[in-house]
Amino acid sequence: MTTPALPLRTRLPRRPRSRFLLAVPILLTMLLTIVFGGATAASALAATGAAYGHRAASDGRWLGSWAFDDGTVGFCINLDLPIPPGHSYEYVDGDSLGWFTPEDAARLAYLSRHWGASQNADEAAAGQLATWMITGMNGYTPAQIASRAGASAEYVLALAHRMLAEADGPGGASRGASAELYLDRGEDGFDVVRSELAVDFVSSGTTTLPPGTHTGTITLDGATFEDGTSVKTVGNGEGHRIVPSTDSAVVSFSATVGYGELPYGNGMTIARSADHVQSVLVARPITVTAEASADRERTTPLPFQPVVVTTTSHATAAPGTEIVDHLSVGIATDAGLSSEWGVFGPEGGPYAPIPVTVRSQLLGPFGEQPVEAPEAPLGAPLVCEVETVVDAGPGDYTTPSCIVPEDGYYVWVERIEPTDTAPEQGGAMIRPWRSAFGVAAETTRVVSPPVSEITEHRLAETGTDHRSLILAATVATLALGLGGALVALRRRSTPARTAGDVSGRRGAARAERGRRPATVQPGSR
């Protein structure tokens with residue numbers, strides 16, 4: 001059992017010669033109290049006598065704790081030296097003396113911490129005996145010293161052994177304590193801060209304490225707890241979800257934890273006298289503190305919402321035309337979302353934009369101009385589906401092309417699914433998105449051109465001037481018509497003849513030529 005340390009009082013001179021001489025040490029004591037407070041710095045005090053324990057009936061020797069004029073008590077250390085009463089003492093830090101090994105110092109500190117201030121006679125006597133069993137028995141046996149307790153001797157001896165066994169057992173004497181602070185990413189993507197407290201026990205070495213054994217204070221920078229505060233009293237081993245203070249794609253934050261007044265370690269306060277008398281292990285246990293810190297730079301746990309504004313490449317087109325969809329990709333900035341496009345990468349970087357796949361479907365043909373609606377009608381005809389990977393963050397992208405096959409109205413629709421991105425590339429950070437159906441900027445009307453236009457188009461493909469061809473065709477038609485008319489006219493003005501008429505006329509002509517005299521040309525003979 002421990003009792004709070006009482007304020008120190010300085011022993012006054014026994015025979016002051018004047019009020020002035022009496023006031024001097026009082027003022028000095030007040031000044032030292034103000035300057036040094038309750039620290040273990042050297043402070044004068046007097047041993048007043050026995051405190052709690054047993055006095056031997058045979059020789060009057062004392063077995064128990066000793067008291068000082070400031071109200072503290074403690075166990076003697078040097079069995080071979082005179083007892084404390086009547087001597088002046090001062091407090092010193094046991095570490096500064098170098099009298100004990102770290103393990104023995106831990107055992108003595110444990111005895112002082114748990115039983116040094118006990119007001120139970122048997123416990124005080126056993127605590128004193130256990131102390132001497134560590135520091136030296138000066139040739140005595142534990143049983144001989146325990147006999148000073150008279151009728152309680154056997155119990156005191158057994159209790160002293162149990163005290164030492166407890167000090168050397170699990171959770172007993174310790175050399176010190178330490179803290180660790182962890183910032184781990186939880187299953188939901190948000191970080192969890194957790195502090196662990198470990199004690200370096202003499203028996204088992206460094207051991208992590210069960211959750212909730214002690215409480216400490218965690219302070220956050222760059223993040224808050226879920227209640228919006230940045231400072232919280234927590235138990236060791238307890239995890240608490242934290243939220244980054246910014247909605248940037250990469251966040252940086254740190255945390256510190258501090259535990260104070262921990263009842264561990266081998267620190268102890270020794271009352272030491274300039275006289276050649278016993279020093280005393282005073283029941284003013286020195287507690288320890290444990291602190292730790294951690295910091296992180298990593299991707300935000302906040303999701304991001306990609307959005308797409310799309311425009312078809314053709315408001316109108318003819319069957320067989322290849323059309324594409326132009327994508328303008330950005331993000332929404334609603335509450336609870338990252339204000340920047342999400343990134344992925346190891347803690348501390350480098351980071352890369354989370355790739356997002358935009359799936360585009362060309363639906364149609366529809367006989368009438370589609371009416372805008374949140375979703376496409378069930379069973380809408382599908383021309384094709386293409387994918388566009390957005391791997392450089394927000395910006396402009398173009399889909400692969402699709403061919404419109406026939407007349408009608410065609411509409412692009414898009415969607416984004418987080419499952420299209422691998423988890424290790426940040427797929428879980430993507431919010432799904434889907435476009436509306438029938439948006440005017442997404443609609444293409446496909447109309448077949450008139451036949452004349454088709455002819456012109458084919459002629460144009462051969463490289464011929466269609467006006468020259470039309471003129472030549474016109475001239476040829478007129479020539480053929482004029483030739484036909486002349487032949488018909490000649491036939492109407494000439495009598496019809498038979499094959500016999502023609503033969504008779506030819507014979508008469510020959511007879512006529514035989515009856516006519518020969519004509520002699522001038523100068524002929």
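Modeller: The largest nonpolar core holds 45 residues, and Phe68 and Tyr89 have the most contacts inside it. A nonpolar core here is a set of buried Ala, Val, Leu, Ile, Met, Phe, Trp, Tyr and Cys residues joined through side-chain atoms within 4.5 Å. Buried means under 20% relative accessible area, exposed over 50%, and partly exposed in between (1.4 Å probe, protein chains only). The largest share of this core, 7 residues, comes from α2. That is the helix to examine.

First, the ground rules. The model is predicted: local features need pLDDT of at least 70, side-chain atom pairs count only at pLDDT 80 or more, and totals for chains, interfaces and linings use all residues. Residues are numbered from 1 along each chain as its sequence is written, and side-chain values use heavy atoms, with hydrogens and water left out. Helices (H or I, at least four residues) and strands (E, at least two) are DSSP runs, numbered from the N terminus.

Helix α2 covers residues 102–115. Its length checks out: at 1.5 Å a residue, the 14 residues should span 20 Å, and the end C-alpha atoms are 20 Å apart. The expected span is 1.5 Å times one less than the number of residues. The helix is mostly covered, with 10 of its 14 residues buried. Among them are Ala105, Ala106, Leu108, Ala109, Tyr110, Leu111 and Trp115. Arg107, Ser112 and Arg113 are also on the buried list. What do these residues pack against? Their partners are β3 (73–76), α3 (121–135), α5 (153–168), β5 (174–185) and β14 (280–282). Contact means heavy atoms within 4.5 Å.

Take Ser112, a residue of α2. Ser112 counts as buried because its relative accessibility is 4%. Its side chain reaches the backbone oxygen of Val282 at 3.1 Å. A polar contact is a pair of N or O atoms within 3.5 Å; within protein, one must be able to donate a hydrogen and the other to accept it, and residues adjacent in sequence count only if both atoms are side-chain atoms. Leaving aside neighbours within four places in sequence, Ser112 is in contact with Ala117, Leu281, Val282, Ala283, Arg284 and Pro285.

Now the charged side of α2. The side chains of Arg107 and Asp104 meet in a salt bridge at 2.9 Å, N to O. A salt bridge is a side-chain nitrogen of Lys or Arg within 4 Å of a carboxyl oxygen of Asp or Glu. Both residues lie in α2, 3 residues apart, about one turn of the helix. An α-helix has 3.6 residues a turn, so residues three or four places apart point the same way. Arg107 counts as buried at 18% relative accessibility, while Asp104 counts as partly exposed at 24%.

Next, the strands around Phe68. Strand β1 (residues 44–55) is joined to β2 by 6 bridges, antiparallel. Two strands pair if DSSP finds at least two bridges between them. Arg55 stands opposite Trp62 in β2. The β1 and β2 hairpin has 6 residues between the strands, and Gly60 takes a positive phi near 75° there. β2 also pairs with β3, antiparallel, over 2 bridges. Here Ala67 stands opposite Val73 in β3. This hairpin has 4 residues between the strands, with Gly71 at a positive phi near 95°.

Salt bridges also occur elsewhere. The whole structure has 19. Arg296 forms one with Glu347, the closest N and O atoms being 3.5 Å apart. Arg296 lies in strand β15 (residues 288–299) and Glu347 in the loop between β20 (343–344) and β21 (352–353), so the pair ties together parts 51 residues apart in sequence. Arg296 is partly exposed at 21%, and Glu347 is partly exposed at 44%.
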